[in-house]
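Here are a few notes to read alongside the model.

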Amino acid sequence: MARVTSLDVAREAGVSQTTVSFVLNGKNEFGISETTRRLVLETAQRLGYAPSAVARALRSGRSQVVVFLLTDAPVSEPFGRFKREVTTALQAQGFTCVFLELSGLAGGVSAVCQHLDPAIVVSTAVLPEGDKQALVRSGVPVIDGVLGAEDASVTGLDQREIGRTQVRHLADRGHRVIGFAAVDEREDQPFCLPRLEGVREQCRLLGLAEPVVATTDYSLDGAGAALVRWAESEVTAVAAFNDVVAVAVLGACRTRGLDVPGGLAIIGVDNDSVGRLTVPTLTTVGIDLTVPAQSLARAVVDVARGNVAQTSAVAGDSLTVIHRASS
């Protein structure tokens, strides 16, 4: 779809292109009436026109900006590594990455086009349909939901396989009743829910009992309440949503005198540096973020250049169990 221009706005509003330029650039010294000013602004908004100071550079190919909207994305050490890997992969293709927190962006999605005129917008979560269509009307391609439950098609990393990997490790060590430490933080759900699904799938596949799910938070009190639930169900091992939750469970075990791994084995996810400092040290699932980052970068380049993004095969070899003392 062709990008809407100031000439399109002028034709639709029945005014000159110069008048449109004056209004959209906030120039008030040329005697333009308030009625005309309002007409131009409303027409520009309706057509999805996005003025930009860098549009000429983008059209000439001198600049290629990829805007990443961080919506419901967790602030964590692994996600920081993922951002660096994506940035490196895209820079190799001549693109510049800009990461924006959508929740704190004045003007929302429309401001992205007005100030940056991106070659493509990538959102970590699924965008509201209205926002997505506003970008499309402006001629900006969109890839959204890249870290959601279906992200395997874009990144080659299936979050469910992480849960399956945790269960296989625990089952190999003789555990038959496994708990899952979930969280209810909104930004964690695109990761937590599919990991739990993978835990359930692998338990069924191995003939294990249905996993005992306890929703906790990043606190000793929340983890302590989860321990009570798991004890009532005779859980002997816990797959935690991530390493931070696993550390909370470790702490709760220590304050209650529960031996790890003798009384309860624990495995986390992410290979966060904190897991190497706990007592006992934390077993975890490490993720080679180069694989999903490069897969996402390839999809971004394809779509930005007007091609169809190629789906990626799920790369199970990007996951590695790092066996330490907690299991």
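1. Contact here means heavy atoms within 4.5 Å. With that in mind, take the pairs in contact that lie at least 6 residues apart in sequence: 72% of these contacts join residues at least 24 apart. Please keep in mind that this is a predicted model.

2. For an overview, the protein has 13 helices and 10 strands. Of its 327 residues, 48% count as buried. The accessible surface comes to about 15200 Å², and carbon and sulfur atoms account for 51% of that.

3. Six strands make up an open sheet with mixed pairing, in the order β6-β5-β7-β8-β9-β10. The edge positions belong to β6 (212–216) and β10 (319–322); each has a single partner strand, so one side of each is left without a neighbour in the sheet. From one strand to the next, the twist averages 20°.

4. Strand β5 (residues 178–183) runs parallel to β6, and five bridges join the two.

5. Helix α9 (residues 159–172) touches β5, β7, β8, β9 and β10. Helix α12 (residues 243–255) touches β5, β6, β7, β8 and β9. The direction of α9 makes about 155° with that of β8, and for α12 the angle with β8 is also about 155°.

6. The largest nonpolar core holds 68 residues, of which Leu90, Trp230, Val249 and Ile266 touch the most other members. Beyond its neighbours within four places in sequence, Ile266 is in contact with residues including Val238, Val249, Leu250 and Leu282. A second, separate core has 10 residues, among them Val65, Val67, Leu102 and Val121.

Conventions: Residues are numbered from 1 along each chain as its sequence is written. This is a predicted model: local features need pLDDT of at least 70, side-chain atom pairs count only at pLDDT 80 or more; totals for chains, interfaces and linings use all residues. Side-chain values use heavy atoms; hydrogens and water are left out. Helices (H or I, at least four residues) and strands (E, at least two) are DSSP runs, numbered from the N terminus. Buried means under 20% relative accessible area, exposed over 50%, partly exposed in between (1.4 Å probe, protein chains only). Accessible areas come from the Shrake-Rupley method with a 1.4 Å probe; for residues, only the protein chains shown count as cover. A nonpolar core is a set of buried Ala, Val, Leu, Ile, Met, Phe, Trp, Tyr and Cys residues joined through side-chain atoms within 4.5 Å. Two strands pair if DSSP finds at least two bridges between them. Axes are lines fitted to C-alpha atoms, for helices over the stretch in contact, and angles run from 0 to 180 degrees between N-to-C directions.
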